[in-house]
Amino acid sequence: MLLSMISLIVNAAYGVVLNLDLYTDRAPMPNGGVREWKRSPITRLNISGQSALLYLEIAFAVVSVVTSILVLFGLKSRAIRIVQLVSTAASTVMFIIIMIVTGNSHVNYA
């Protein structure tokens, strides 16, 4: 039961962090100035064309949340527990991969 609550909290935190404006992108403009944008990891994934990583994260998070809710409502199946544990671990790994990829992505501006 404790793992289910932790899983719900962790997946909610991942969603919040992915939507925060963590990165500052700068680009030289034709008039000689520099323009800055504040971007979230989700925005950087979309701009760099790697939105499939976000879809994988969402899929793992949804499976983790649904199985956590099932366990909280009293479903004590061993298979549900294994799926919950694997999906929570996969969601965590995908979150780490997304943060690494967005930290190292360079967006081309036209």
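Start your tour by selecting Asn11, which sits in helix α1. Helices here (H or I, at least four residues) and strands (E, at least two) are DSSP runs, numbered from the N terminus. Before you click further: this is a predicted model, where local features need pLDDT of at least 70, side-chain atom pairs count only at pLDDT 80 or more, and totals for chains, interfaces and linings use all residues. Residues are numbered from 1 along each chain as its sequence is written, and side-chain values use heavy atoms, with hydrogens and water left out.

**Stop 1: Asn11**

Is Asn11 buried or exposed? Asn11 is buried, because its relative accessible area is 8%. (Buried means under 20% relative accessible area, exposed over 50%, and partly exposed in between, using a 1.4 Å probe and protein chains only.)

Now show what surrounds this residue. Skipping residues up to four places away in sequence, Asn11 touches Ala61, Ser64, Val65 and Ser91. (Contact means heavy atoms within 4.5 Å.) Zoom in on Ser64: its side chain makes a polar contact with the side chain of Asn11, at 2.9 Å. (A polar contact is a pair of N or O atoms within 3.5 Å; within protein, one must be able to donate a hydrogen and the other to accept it, and residues adjacent in sequence count only if both atoms are side-chain atoms.)

Asn11 and Thr88 are 77 residues apart in sequence, but their C-alpha atoms are 8.0 Å apart in space.

**Stop 2**

Time to look at whole helices. Two packed helices are described by the angle between their axes and the distance between the axes. Axes are lines fitted to C-alpha atoms, for helices over the stretch in contact, and angles run from 0 to 180 degrees between N-to-C directions.

Select residues 2-19 for α1 and residues 51-72 for α3: their axes come within 9 Å and cross at roughly 150°. That angle is why α1 counts as roughly antiparallel to α3. (Angles under 35 degrees count as roughly parallel, over 145 as roughly antiparallel, 65 to 115 as roughly perpendicular and the rest as oblique.) The crossing of these two, α1 and α3, is left-handed. (Left-handed means the near helix is turned anticlockwise from the far one by less than a right angle; right-handed means clockwise.)

Which residues make the contact? On α1 they include Ser4, Leu8, Asn11 and Tyr14, and on α3 they include Leu54, Ala61, Ser64 and Ser68. Sorted by class, the contact of α1 with α3 has ten nonpolar, five polar and one charged residues. (Ala, Val, Leu, Ile, Met, Phe, Trp, Tyr, Cys and Pro count as nonpolar, Asp, Glu, Lys and Arg as charged, and the others, Gly among them, as polar.)

**Stop 3: Ser68**

Stay on α3 and click Ser68, which belongs to that helix. Ser68 counts as buried, with 0% relative accessibility. Leaving out residues up to four places away in sequence, Ser68 touches Ser4, Ser7, Leu8 and Gln84.

**Stop 4: bring in α4**

Colour the contact residues, including Ser7, Asn11 and Tyr14 of α1 with Gln84, Thr88 and Ser91 of α4. The contact of α1 with α4 holds eight nonpolar, seven polar and no charged residues.

Then hide α1 and compare the other pair. The axes of α3 and α4 are 8 Å apart and pack at an angle of about 150°, so α3 and α4 are roughly antiparallel to each other. α3 also passes α4 in a left-handed crossing. Among the residues that meet here are Phe60, Ser64 and Ser68 in α3, and Gln84, Phe95 and Val101 in α4. The contact of α3 with α4 divides into 15 nonpolar, seven polar and two charged residues.

**Stop 5: Val101**

Click Val101 in α4. Val101 is partly exposed, with a relative accessible area of 23%. Not counting residues up to four places away in sequence, Val101 touches Leu45, Gln50 and Leu53.

**Last stop: Glu36**

Where is Glu36 found? Look in strand β2, residues 34-39. Glu36 is partly exposed, at 47% relative accessible area. Show the side chains of Glu36 and Arg26 and you'll find a polar contact of 2.8 Å joining them. Their C-alpha atoms are separated by 4.5 Å, although Glu36 and Arg26 are ten residues apart along the chain.
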